[in-house]
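Welcome! Here is a short briefing to read alongside the sequence and the 3D view.

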Amino acid sequence: KAISAYRRLLRAAIEQASNGEKPLMVLDDKDAPAITGPVCVDGVGPASDWRVVRVGDKDVPVRVFAPPPPRAGPRPLVVALHGAGGDENMFFDGYGAGRIKALATDRDFVCVTPRVGFTGLSGETFDAIVRAMIYDHAIDPKRIYVLGHSMGAGAAYSLAVSRAETIAAVACVAGGAQGAPPTSIAPLLVVAPLAGLMDHTE
């Protein structure tokens, strides 16, 4: 009952945020545990739930999948960024019918899927999401990965450049690099690139 009530509150918070209202429950990147509690309640899961991460004066809806039971030690984190026209549900309910959840269970990693706007995902938003996940889970800060599809691949590539010291590796599917080659970038894999993309990602 506690888990069901908790999920109802989270869904209501996301609806309120989407309508421009101030939600009663907000996941603040600095005070996450006090506001929302853990993703898995008393070890019950797997947890596939919604969150709202506060970034400045904006609320970013995300979904989280954390397969239980957690193994000993910190786990990797995968931040998955959807393509244009999608939202935070795409990787869990759309692409491959949620195949990434089976992969997370098999490989024992936490996956978070934020809503990405047409302007991409800023470094500040990425940092806040990672901090929020660390509050809720035992995350290995040396194993933070980013996966992006299409528009999300462009956002993932930007993060590979701006957060090269934070991200362990980035995978871009059907999109990615734009502009001149960067001087510093996280390890990068490009799958089904756009025309000319590989010119400066080899």
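Accessible areas here come from the Shrake-Rupley method with a 1.4 Å probe, and for residues only the protein chains shown count as cover. On that basis the protein exposes about 9,900 Å², of which carbon and sulfur atoms supply 56%. Please keep in mind that this is a predicted model: local features need pLDDT of at least 70, side-chain atom pairs count only at pLDDT 80 or more, and totals for chains, interfaces and linings use all residues. Residues are numbered from 1 along each chain as its sequence is written, and side-chain values use heavy atoms, with hydrogens and water left out.

**Overall build**

- The protein has six helices and eight strands, which are DSSP runs numbered from the N terminus (helices: H or I, at least four residues; strands: E, at least two).
- Along the sequence, their order is α-β-α-β-β-β-α-α-β-α-β-α-β-β.

**Helix H6 and the cores**

- Helix H6 covers residues 151-162 and reaches 17 Å from its first C-alpha to its last, close to the 16 Å expected at 1.5 Å a residue; the expected span is 1.5 Å times one less than the number of residues.
- Buried residues of H6 include Met-151, Tyr-157 and Leu-159.
- The buried residues of H6 pack against strands E4, E6, E7 and E8 and helix H5.
- A nonpolar core is a set of buried Ala, Val, Leu, Ile, Met, Phe, Trp, Tyr and Cys residues joined through side-chain atoms within 4.5 Å.
- In the largest such core, of 35 residues, Leu-77, Leu-81, Val-112, Phe-126, Val-146 and Val-170 touch the most other members.
- H6 gives the most to this core, with seven residues.
- A second, separate core of nine residues includes Phe-65, Val-78, Phe-92 and Cys-111.

**A buried glutamate**

- Glu-88 sits in the loop between E4 and helix H3, and counts as buried because its relative accessible area is 3%.
- Its side chain makes a polar contact with the side chain of Arg-115 at 2.8 Å; such a contact is a pair of N or O atoms within 3.5 Å, where within protein one must be able to donate a hydrogen and the other to accept it, and residues adjacent in sequence count only if both atoms are side-chain atoms.

**Cysteines**

- Cys-111 is buried, with a relative accessible area of 1%, and Cys-172 is buried at 1% relative accessibility.
- Zero disulfides (cysteine sulfur atoms within 2.5 Å) turn up in a search of the whole structure.

Notes: Buried means under 20% relative accessible area, exposed over 50%, partly exposed in between (1.4 Å probe, protein chains only). Contact means heavy atoms within 4.5 Å.
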